[in-house]
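User: I am new to reading protein models and would like to learn how to look at one step by step. Could you take me through some features, giving the general idea before the case at hand?

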Amino acid sequence: MKPKNRILYPFLLTLLVVAGLAALQALPPLTVEGYTLRPVSLLSDVIPAQEDTFQLPEPVDSVLLAKADTTDNTAMERIRVLMADSLGEALIEDYSFLMPDTVLGNRHGMAHFYEALAQSRSMNRPVRIAYFGDSFIEGDLMTADLRAKLQSAYGGSGVGFVDIDSPIAGFRVSVKSHSVNWHSHSATDTGGFKAAKQGIAERYFIPAGNSSVRLQGGAHSLHQDSCRESALFCRVDEPVTVTARINRGEPETFYLDASPDVQRVMVSGSIGQVEWSVPDSIDGQFFGATMDAGQGVILDNFALRGSSGTTLNAIPNSTLRDFAALREYDLIVFQFGLNVASNGVKDYSSYQEKMARVIRKFARAYPEASLLVVGMSDRGERKDGVVVTMPCVKYLNHYQRQLAMTTGCCYWNLFQAMGGDGSMGRMVEEDRPAKANMDYTHINAHGGRFVAGLLFDAIQKGKQMYEEGGVIE
């Protein structure tokens with residue numbers, strides 16, 4: 001029997017694949033939850049990339065300018081002076097003067113936080129910072145060093161809020177945590193997550209019986225190896241018994257009644273290690289435990305890998321109010337962008353609008369807190385053998401600055417602070433030791449200390465200017 005000639009099959013298969021890719025290339029950019037997927041380009045490796053010259057659009061529109069306070073100068077001139085003055089030292093830019101009549105009105109920018117720092121050793125509670133971000137700060141990277149610098153300058157100890165359970169617990173050196181028998185749920189889960197049950201960190205944990213979490217200060221992180229207070233945050237739908245053990249000592253027992261509100265139980269002492277236990281499997285959500293000081297500075301790291309920040313809007317308002325009553329914040333930081341910026345995309349106005357809703361939500365829950373938007377860090381890509389800044393970084397940073405302007409809060413240009421164009425590539429290939437990873441996106445421990453130093457210096461400079469009456473606004 002004569003064999004069949006199949007030489008045409010590979011050609012047809014190749015033709016079908018090319019046709020499919022061509023069809024994908026013709027599709028418009030797809031955006032999911034503020035993240036725009038990278039477009040398909042069949043000839044991207046052979047066609048020279050066109051240089052993308054970034055042109056800054058006008059910072060605010062006429063409607064916004066009409067609302068601005070112009071007693072000293074025109075709003076537009078004040079904005080341009082502010083932006084120009086901030087470039088040399090990457091100062092924190094204060095746009096609170098633009099929104100005097102909204103929910104964010106008369107917040108005085110960073111003033112509340114600066115005044116709290118000045119009273120850090122005399123207040124009856126710590127100065128607290130909530131730092132929300134994506135994988136850039138995962139594992140307390142960068143924020144651990146910022147916390148240590150602030151605690152060295154203004155007092156305090158402990159790592160603050162720690163999730164009940166975490167898949168990267170072994171990666172975080174600022175605290176050692178060990179969890180047993182919890183069902184974990186996160187806002188980035190593909191299924192099973194119920195937004196109404198989440199806490200401030202966009203997670204919740206359900207005890208499965210004989211559940212526990214043990215926290216021990218990280219010996220390798222300055223001021224974070226011990227603390228004076230520890231608290232457990234939860235919401236329970238039925239009565240429950242909770243125990244706490246300090247330094248493996250005798251357990252202390254707490255009885256919690258069922259309540260729709262977030263509850264807190266606390267212990268105090270000279271705490272190097274604390275273990276919280278829930279003996280029963282119950283219907284309720286546990287959120288996290290803390291290692292705090294009675295005074296000084298505490299920084300809570302709320303990192304969520306893969307987040308664009310927009311999912312923060314799904315936290316129930318009642319939950320935020322409960323946390324605000326139990327754990328007051330003086331500064332709330334929003335640092336996102338790695339899961340938003342995408343090459344070929346220049347317009348991030350939709351993302352800006354979504355994040356504006358997030359900021360207004362937190363402003364209502366924490367009306368006294370200073371609010372700070374940290375612009376996206378540099379992100380590199382290799383072109384002609386050289387690592388250069390992805391054009392989308394500058395466009396997204398523009399919209400993040402716009403976000404601060406349109407909500408009347410503050411903005412810090414991390415991209416500019418870390419060195420601007422090509423800085424991520426230099427941190428990987430020129431700095432020794434390297435300060436970032438080979439993905440040209442994420443910093444390492446050395447880079448964390450570097451970036452923490454930049455933000456700490458910006459805070460110190462801003463506080464000094466505020467106290468001297470020369471704060472940029």
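Predicted model: local features only at pLDDT ≥ 70, side-chain atom pairs only at ≥ 80, totals over all residues.

User: Are Arg147 and Asp140 buried or exposed?

Analyst: The general idea is that a residue counts as buried when its relative accessible area is under 20%. Arg147 has 0% relative accessibility and therefore counts as buried, and Asp140, at 3%, counts as buried too.

User: How many salt bridges does the structure hold, and which parts does the pair Glu93 and Arg401 tie together?

Analyst: The structure holds 14 salt bridges. In one of them the side chains of Glu93 and Arg401 meet at 2.6 Å, N to O. Glu93 lies in strand 3 (residues 93-94) and Arg401 in helix 8 (residues 391-407), so this pair ties together parts that are 308 residues apart in sequence. Both Glu93 and Arg401 are buried.

User: How should I read a patch on the surface, and which residues form the nonpolar one?

Analyst: To find a patch, one looks for residues with over 30% relative accessible area whose side chains are of a like kind and lie within a set distance. In this model Phe11, Leu12 and Leu15 form a nonpolar patch, and together they have about 300 Å² of accessible area. Leu12 lies in helix 1 (residues 8-26), and because its relative accessibility is 39%, Leu12 counts as partly exposed.

User: What is the volume of the second largest pocket, and which residues are closest to its centre?

Analyst: A pocket is an open space, whereas a cavity is one that a probe cannot get out of. The second largest pocket here has a volume of about 480 Å³. It is lined by 26 residues, and those closest to its centre are Asp163, Ser166, Pro167, Ile168 and Arg203. Strand 5 (160-163), strand 6 (175-186), strand 7 (203-217) and strand 14 (297-303) each supply at least two residues of this lining, and strand 6 gives the most, with 5 residues. By class, the lining of this pocket divides into 10 nonpolar, 8 polar and 8 charged residues.

User: How many cavities are there, and what lines the second largest cavity?

Analyst: The count comes to 5 cavities of 30 Å³ or more, and the second largest cavity has a volume of about 50 Å³. Residues that line the second largest cavity include Phe334, Tyr351, Met355, Val373 and Leu403. Helix 7 (349-365) is one of the elements that each supply at least two residues of this lining, and its 3 residues are the largest share. The lining of this cavity has 8 nonpolar, 2 polar and no charged residues.

Technical notes
Residues numbered from 1 in each chain as written. Heavy atoms only, no water. 1 Å grid on protein atoms, 1.4 Å probe; cavity = no way out; pocket = protein on both sides within 12 Å on 5 of 7 lines; lining within 4 Å. Points joined across faces, edges and corners; volume = space filled by probe spheres on them. Helix = DSSP H or I, 4+ residues; strand = E, 2+ residues; numbered from the N terminus. Nonpolar A, V, L, I, M, F, W, Y, C, P; charged D, E, K, R; others polar. Patch = residues over 30% accessible without salt bridge, like charges linked within 9 Å, V, L, I, M, F, W, Y side chains within 5 Å. Areas by Shrake-Rupley, 256 points an atom, 1.4 Å probe, with all protein chains shown as cover. Salt bridge = Lys/Arg side-chain N within 4 Å of Asp/Glu carboxyl O. Buried < 20%, exposed > 50% of the residue type's maximum accessible area, 1.4 Å probe, protein only.
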